[in-house]
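Try each task before you read its solution.

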Amino acid sequence: MSEQPTLGGATTPSVDRPQASNISGASVRPGDRVFRSAALTAGAIVLVVMAAIAVFLVYRAVPALRDNTANFLTFQQWFPDNDPSTFGIGALLYFTVLTSVLAMIIALPVAVGIALFITYYAPRRASQTLGYFVDLLAAVPSIVYGLWGFAFLAPRMTGLVQFMDKYFGWIPLFDYRPTNVPNNLSPFTASVILAIMILPIISSISREVFRQVPREQVEAALALGATRWEMIRTAVLPFGRAGVTSAAILGLGRALGETLAVTLVLSTAYEVSLHITENGGVTFASNIALKYGEAGEVGTGALIASGLCLFVITLAVNFTANLVIRRQRSA
Amino acid sequence: MAKSIDVSGVDIFYGSFKAVEDVSMTIEPRSVTAFIGPSGCGKSTVLRTLNRMHEVIPGARVEGKVLLDGEDIYGSQVDPVNVRRTIGMVFQKPNPFPTMSIYDNVVAGLKLAGRTRKAQTDEVVERSLRGANLWEEVKDRLAKPGSSLSGGQQQRLCIARAIAVSPQVLLMDEPCSALDPISTLAIEDLISELKERYTIVIVTHNMQQAARVSDRTGFFNLNGVGQPGRLIEMDDTQKIFSNPSNKRTEDYITGRFG
């Protein structure tokens, strides 16, 4: 038995050994060992980087939070370098969530419509071209969206905003109170820009989900005498529900952290307001972009503390998306 | 209720490929017709042209005439959706809608047709499930998802779903090929009952099954790979399996090839 290879050490098979013993040895080939450690290192680097970011954020945020004399979670102004230092994420949190959720609500039906059109309506060549252009939307740099939103879209939204004010003004969201003509550097415009920016991710994930609908399900509906829309309702949408939900949440996560476009469009104001078509608003990311240059030591720490909050929110949102996907898989 | 089908001079294409050539046949109401033949001979393709499901595949098209009680289902005024509501279909792989309950699966076709008064649907669900010999097994769990049933039960659920809309004709594309022998027997018994009320066309790979359930049998074959399939012979099942007029049919059913 002594010549049997042991678990730890690989021995070179000798000629006179019966062949059966080759399969009982746990021989680790050098290539496997190298690849294993390379993969392990790569995996570990991700964790180390994540941990380093978290540690850095906490380390820099804590002193500023100690200096803060206002309630960090609810206070709506941002004067970290004043004496006494007062700042809070009330407005940032409110406008970040508001614009992102609104963007998701605007983008979702359009994205699902595009995905359905591409997978079930368009002729094959048209569908490829359209899919390509939708994906191209994701390649446009966000500063370009910002400039476009600020210089092109905002001036052209006046009519829509006045229409909504006139007919839906009884809903606070659409009520425009100032007497001047709206120039739309508002959370509403920011939401529309964000909606366009997250359209590609929601649409391309939905498209993949709709493509995976089993052919038998589609044919089952058609053979029952379903029209195309009825087929989509009975076979495609129920199958794709979880996938589309997680696509929407991923889009939301992307909207939460978007910086440049939002910074350019919003005319910054730290006052929480339901009137989304009025100028104003500020998000976590736009606040950091605006204030970082002029921030003192406490100011920098305060911005980092707000960055930490955004980090946690985005993490939670992405985690939720993963959870939805996993529950779909196990069902 | 049951209607006859008259097929004359039908050619079937996938894009530029001619898959089936020059099929003509007559299918009597309230009878079971079986299509047999080797793989790739076009028997499923012919079946799918009878309710215009063939054209669902991109590039697929049909030439020739298919008359349902004298009315051409490929006429320019005819909506394929209405054809499929009149001619039901059961597929090879049981395909109940996985997110729907057993009850909702049965009424899915009714909902599409817009006939969904509750009292009425309850009655249709019971009648259809009884018709598919499934009622006793599922009557206490109609709210459970259709995917919770066994394969054979799922296939009978699909049959119940197909007959719930009271079709004129029922097409079955190898309905037992994914099932065990006991479930197969249940489906075959069901076919014999259903033919009292429906015109049934069934594609099968199993020649014993064709011999057991059908009144008429059509044998399809092709001359070689890449050649279109043809209807070689169609006759009473008894004659096909005892004394076929075509040599190739005899070779196939006696197991000399295929």
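Two residues are in contact if their C-beta atoms, placed from the backbone, lie within 7 Å. This is a predicted model, in which local features need pLDDT of at least 70, side-chain atom pairs count only at pLDDT 80 or more, and totals for chains, interfaces and linings use all residues. Residues are numbered from 1 along each chain as its sequence is written, while chains are lettered from A and ligands numbered from 1 in the order in which they are written.

**Exercise 1.** Describe the overall build of chain B.

*Solution.* 
- Step 1: start with the contacts. In chain B, 67% of the contacts with a separation of 6 or more join residues 24 or more positions apart.
- Step 2: look up the elements. Chain B has 10 helices and 10 strands (DSSP runs numbered from the N terminus: helices are H or I with at least four residues, strands are E with at least two).
- Step 3: turn to burial. A residue is buried if 20 or more other C-beta atoms lie within 10 Å of its own, exposed if 12 or fewer, and partly exposed in between. By this rule, 47% of the 258 residues of chain B count as buried.
- Step 4: The average pLDDT of chain B is 90, and 98% of the residues score at least 70 (pLDDT is the predictor's confidence in each residue, from 0 to 100).

**Exercise 2.** Find where Arg52(B) and Glu174(B) lie in chain B, and decide whether each is buried or exposed.

*Solution.* 
- Step 1: Arg52(B) sits in the loop between α1 (43-49) and β4 (60-68) of chain B. Its phi is positive, about 60°, although Arg52(B) is not a glycine.
- Step 2: count around Arg52(B). With 22 other C-beta atoms within 10 Å, Arg52(B) is buried.
- Step 3: Glu174(B) belongs to the loop between β7 (169-173) and α7 (181-194) of chain B. Glu174(B) also is not a glycine, and its phi is positive, near 45°.
- Step 4: count around Glu174(B). It has 21 other C-beta atoms within 10 Å, so Glu174(B) is buried.

**Exercise 3.** Which peptide bond is cis, with omega near 0°?

*Solution.* 
- Step 1: the bond runs from Asp83(A) to Pro84(A).
- Step 2: Pro84(A) is in the loop between β1 (78-79) and β2 (86-87) of chain A.
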